[in-house]
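Okay, thanks for making time, everyone.

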Amino acid sequence: MNEKTAEHLIKNATKALAVLLALILFISCNGADKEFSGENGQPSEVWFKQTSVDLGAKIKMIDEGNGLAISRGKGENVKGKVLKFDNGKWNAVSEHDYSDFPFITQHDSNSFWWVIHETHYGRYKPRLYYLSGNTKKEIPLPPVMWDNIDYAMWSAISVLHNGEAWIVGQQGNIIHYDRKKWTSEFSPVKRKENENFSSGDLHDIQMISENSGWAVGKQGIILKYENKKWNRYESPTIDELKCISMVDENFGWIVGDRGTILKYENEKWIKVENNIRVTLNAVKTVSKNKAWIAGARSTLLEFKNGNWVENTAIKNFEDSFISLDAVKAKDGSYKLWVIGDNGIYTNSQSLKFSFTDVTANVSLRREGRAAIFRDYDKDGLPDLTTILEDGPPVIYRNQNGNLFSEVARDYSSQKPGMAQTISSADFDNDGNTDFLEILDDVKNKLSFGTGNFEFREVDTKEYIRPKFIQTDLNLSTSQAADFDNDGNLDLYFSNYNFDDMLFRNNGVGKFEDVFDKSGIKKIINHRSYGTTLSDFNCDGLVDVLITYKLAENNQHIYFFINKGGFKFEKKEDRNFYTDKAPTAYASISNDFNNDGFPDLVIFNHEYNLQFLLNDGKANFKDVTATVGFTEKFFHPEPSGGVIATADVNNDGWLDLFIGSRLFLNSPELQFTEVGKSVGVDFTGNPTFTDYDNDGDIDLFIGSSREALGKGDRTTLYRNNLAEQNFIKVKLSGDVSNRNAIGAKVYLLGFNKDGKNVYKTLRQNGIGSNSLSQEDYSVIHFGIDPELKYQVKVVFPSGIEKIIDAEKNTTVKISESSFLQSTLVLAKKSFERTLLLIDWKIETFKLFIILLILTGVFFYGRKTKVKKLTYHVYIGLFFLVFYLLLVHLNITKPQFVSSLISIGSTSLFAIGFVFAAVRYVEIKESSYISHFKLLEILGEGGMGKVYKATDKQDGKTVAVKILNAHLLKDEENRRRLASEGRLLSSLNHPNIVKVLEFGETAEHSFVAMEYLSGGTLHEFIEKNYPLNEEKVIEITKQICSGLRTIHSNDIIHRDLKSQNIMFDEAGNVRIMDFGLSKSPLVSTMTTLGTVVGTLGFVAPEQVTNINVDHRVDIFSLGVILYQMLTNKLPFNGENEIALIHSIFNTVPPHPSEINNAISPKFEALVLRCLEKNVEKRFQTVQEIIESLG
């Protein structure tokens, strides 16, 4: 191959490399967008905590909407409570000092009883109370003493429908209520004077009728009531029995200590073997095949298909269960309530959704005053960052929606200690989430994300320089938004009682404070807990609203319209003034009435909420009194994060969480409090997100120990929504900021007639409270499943997109097409590099790389690709490659960047030159002159034979490349060249046509016509035995060709069956002749060729003495012998043995192997094989004549 061809191929390779580099550039600009992970699903049964209690004792459910419970209280300061379940909430109807063994039951349809004991101050005196409506009274009990000082305590009650009742208690005491008064009854286990004071305690009782009942207690005691008398009943255990539940007279269960379960059947109590070892405290039986047991360590068992099976769904809660009850719902299923030491739990969802505290289950710390959610690793699951009070923020990786793991971070270079505010967004437009932590104007830390929770640390003061920040109160907040719609995320910093800061971003995360020139006025000494960012007048620019704790001239809300270019104008509204003294903590903006405009809600501490509807032009109407917020709100922690909004029940209307209370919105714009009804009972700063990606919105609440005291200060609630009707929208910005913060997302609903009947708005990333900027990764909509939907997005750039959306799917919407996005992001990426580059250092580095490239190309001019080095585009290619490396590594430390850009380019250039030289050499090795070698056909002592193509005429030829050692002797080279020219002139039908004999710098070759008919050796193997006529026919053709060879004074020297071939017509062609100087040397090159070749050579050829054309007659004889017998006449185990055979062995006559051979032809063969050269045929012509 010539150098021109190599140059052409290298040009193509260069183009391919350019395409590859462009792809690398695109990846560097665009980041790695991952598919949304989809739904994770809900557990098969959902349990949630309805309310907290202090040492729960008993629970009694009347129906799904009504129930009773009682708790003990804790110590001397925490009261026990009597709780009544009504309208989905547990409400305390009475309180009492701490009590051992309190219990409660329904007396009749209008009243209930409960018993407490005056544990600390009343010598354990029991008191029975009655409550009907608002009437509460005490019912006297007969005095029963435990000893001479203290009263015996009661433990359980059973009331019949006719009003009769029995109570059992310590030391086997039993009392009876005959609907008039309580009296003591005989007990077969009542303590005798000389017995232990604790013996005989009864723990539970169940009366089946006036004449039948059971009681159980310590030491395995079982009592049966019949014929108006209590008697002992045979017990299979001595373990303490806690509870009994009978279906009827014939079937029931008892449970107790150490996992004891007793079954009553066929008038006998039988112990059920099991693997449970915890104390079982309660059992509820509703039929022979349906029952439940509750016990310590969150144990709940259900009787299914004849076996007790543990319920694992309730294991989310760490508690010791004390009592349970079950009621049949309208749909025929059973709903359970369980009371434990810490709470009341149920699987009944009257509102079709509830919240379960999963903080411990997902491995979150119980600390953090607020949080934000961001998808740092782009796996479709929001990751969590919490703001701590006494340490740096903690980032948690969301692992598959069921576990959070802390991400280790490096604080060795900067130690902020803690942060009073954080902001997380893509500030440098590289597709990764960055992280800003601010404690004050000195201690702050900016980290640029590099993907997958890795961050690049920078000298923060070179990127952002805050003015004075107050640190005695953690009340400063920060939010990211693009205020001038230049595609770069800016930063608004709310500074409590000092001037705020408005930071303009230059595109690489370097900020300049432009607040003083913005037109926004901060009222000092009036204390602001934060700002609300929203496009109130719907002009595509983010406006600023500031609320104050203290009003100035009766104004406590200040509103500034964004006019563009970081210029703002104050806008007045009568709703921003008040003659009262509200303390505004926080505000949010969202579309609450589904008219497509962002409304405004302001939380006023110890005052009424303000609910302002927006007409789309930033004119507001106060509807607080009509939406259901008429009461005053209180929140113990001054915070700008006390309020948040989301559609928690997926009905298409935004709901509100305020402080500790959850309110559901409705199409009538009426808010109803449901927090405790659905298990939410925690005070703090809320953040909504779908952390488990199951289609419903979950709730994180954080709070401050400084304000709310010790204990658990964070809770993550999982939403257990039954019907997951949702649409999610995931935005990808390019012309606008990468996070598409500020984009307006409209959800449009159409009925069956195609009429637009629903419209709502979400503003991506803005409108949230100032402490916890909402997650911009995914926008969540609840929907009416009967409608069809479209999503309309207006990006901050003004680009609009409309797309159809299906139920329960995530719609991904990009601001631009793939090609446009690639170009825009590439432009931004290069602009980022130009802004970050240090021109002095880069100029010096460029000079160094030019010197190195010059040296490499000067070296290349001394090689086989020297012409290539004269092309300017090759040098430009490596220069572009260098600049691209500079671009890709611009954010790395200078030393690392220099090492990569200069080192990689230098190695690439050097490698390119060496690879190009090697490429040319390889290509040249696949060409001999103008013959392209295709595949190897065979190999022998003289060289290798290739199938080849003649590039001049396209014909297929055979090219034999001679072994290099044959050409080392100059005399041999001259003789071979001479014979080669002679052979090229031969033209005979039985001689292979030699087309060309030539030499290159490294090889000598013979080009011959390509024969496709195979060798004579292969023909013999395939067709043996051959008839004599066919052998004679082949022999004549061989002799005819050989005669012509000899007539030109050429000796073949290597005549054998492998060197005789057939053309397509079946004619014999002799090949491979006249090219061997020393037969012995040439044939003994390798073991594989020695045996085959030596088997055909004449004795004198071995000794190389008196070699003439008659050696070919001897070889012909071997070929004839092989055709007749399919064997060689001379054999040996190795070369020496074979040579000995040639000189000394008389081969068997061919007729001894093949008796079909004629004597005449056999004599011809044997004469050819004569060892004495004088006895052989002297010429080929003699053989031809003998054949007749």
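Predicted model: local features only at pLDDT ≥ 70, side-chain atom pairs only at ≥ 80, totals over all residues.

Residues are numbered from 1 along each chain as its sequence is written, and side-chain values use heavy atoms, with hydrogens and water left out.

So, the largest pocket holds about 1,200 Å³ of space. Its lining has 40 residues, and Lys60, Thr105, Val159, Gln206 and Lys284 are the closest to its centre. A pocket here is an open set of points on a 1 Å grid over the protein atoms alone, with protein on both sides within 12 Å along at least five of seven lines; lining residues have an atom within 4 Å of a point. The volume is the space filled by probe spheres set on the points.

Next, the strands (DSSP E runs of at least two residues). Pairing needs at least two DSSP bridges. β60 (744-750) and β63 (788-794) run antiparallel with seven bridges, and Gly749 stands opposite Tyr789. β63 also runs antiparallel to β64 (800-805), through six bridges, with Val794 opposite Glu800. Five residues sit between the strands of that β63–β64 hairpin, where Gly798 takes a positive phi near 100°.

Last one: Tyr859 is in helix α5, residues 839-860. Tyr859 is partly exposed, at 39% relative accessible area; that label covers the range between buried (under 20%) and exposed (over 50%), with a 1.4 Å probe and protein chains only.

Methods. Helix = DSSP H or I, 4+ residues; strand = E, 2+ residues; numbered from the N terminus. 1 Å grid on protein atoms, 1.4 Å probe; cavity = no way out; pocket = protein on both sides within 12 Å on 5 of 7 lines; lining within 4 Å.
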